[in-house]
Amino acid sequence: MAVHFEVVAECPVTGARAGLLHTPHGVIETPVFMPVGTQGTVKGLMQRDLENDLGVQILLANTYHLYLRPGHEVIRRLGGLHRFMNWPRAILTDSGGFQVFSLSALRKVTDEGVLFRSHLNGDAHMFTPESVVDVQLALGSDIMMTLDECLEYPAGHEAARKSVRRTVRWAQAAWRHYQERERGGGGGALFPIVQGSMFPDLRRECAQELLELGADGYAIGGLSVGEPRALSLEMVEATAPLLPREKPRYVMGVGMPEELAEYVARGVDMMDCVAPSRNARNGCLFTSGGRVVIKQARYKEDASPVDEKCACYTCRNYSRAYLRHLFLAGEMLFSSLATLHNLRHYLDIMKDLRQSIVFGSFPDRLRVVRAAPGGED
Ligand SMILES: [Zn+2]
């Protein structure tokens, strides 16, 4: 097995789990939030910051972007993505499906795969279930994802049903190819993705078929595509219990800080989202007291840190007034300091949730989170 998962504690009330995910590049404590390193970098941060300051155990990188630039073969020849980006810990790569469906123009989906044009220069490319496995093997990722079809929201039931059929066939093809290529072992795991738009019956059907593959873990995809937040949670609630208890469950592309506990409460072990890093660059900082929109005039002479309760490098050393100044002056340092803080905020939330599961106090923790003001500052 390429990865191995242990459930170390489980909340008897909610089903939230604390686990250990063993990968070829280290053990990951779950539930885990994975920072997004789209181009083989978390924008604005050095790998040193991620490793030492934030203690990140696993990063996500995007197959679509690295395939187009610099190219997976280039990365393979340079020793794989870990060596290329100097990252000693685990890497999860997505299948590229989401980016093909959201970024590229003129895509054509067939049973064989998806034909698309690069958003960089318009060149034509084809992703097949097999080629996407090959790309991720070349990158050397610890956890790979199968190619799936991502529907936009809202989608009709019939369109979603057809899409689920295709996603299942693609996952089966990817799995066969992965098993042939990985006969020697030593590579990463391959997770199939449960689709089904916002229809619980299709989610169930998709999950049941994918379970036959006996994969090391399963993802729930097709969320955060414009649907109301309550609906994303509802879909996870309908799908997560169908997935094996002893395998990690990964919900792709969620959530906001106040939602992390909700996903964990539904038995989710892994999440990723661009929210902390993207919001940081846009001047929105997440704190224990709600959001801080740093450009606001009220922070002009505010000598306090972004978050009194945060122990990150930014909060230990800089004032809101200085950060506001950097932001308004368009200084690069702002992005770095803000991203460092927002990611630390996410990682602290996850650490806290994990501890509460281990100590048996998760339901109390969830009540506190639900009572807290989470919305706009
Ligand atoms: Zn901080």
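Reply: The account below concerns the metal site.

This is a predicted model, in which local features need pLDDT of at least 70, side-chain atom pairs count only at pLDDT 80 or more, and totals for chains, interfaces and linings use all residues. Residues are numbered from 1 along each chain as its sequence is written, and side-chain values use heavy atoms, with hydrogens and water left out.

The zinc ion is held by C310 (SG), C312 (SG), C315 (SG) and H341 (ND1), at 2.1 to 2.3 Å. Donors are N, O and S atoms within 2.8 Å of the metal (3.2 Å for Na, K and Ca); water is not among the atoms, so sites may look incomplete. Along the chain, the donors of the zinc ion follow the spacing C-x1-C-x2-C-x25-H. C310 lies in the loop between β17 (290-293) and α12 (313-317), whereas H341 belongs to helix α14 (residues 332-358), so this pair ties together parts that are 31 residues apart in sequence. Here helices (H or I, at least four residues) and strands (E, at least two) are DSSP runs, numbered from the N terminus.

The arrangement is tetrahedral because the four donor atoms around the zinc ion subtend angles of 99 to 119 degrees; four donors count as tetrahedral if all angles lie between 85 and 135 degrees. For four tetrahedral donors, the ideal angle at a metal is 109.5 degrees.

C310 counts as buried because its relative accessibility is 10%. H341 is also buried, with a relative accessible area of 0%. Buried means under 20% relative accessible area, exposed over 50%, and partly exposed in between (1.4 Å probe, protein chains only).

Technical notes: Tetrahedral: all angles 85-135°; square planar, octahedral: opposite > 155°, others 65-115°.
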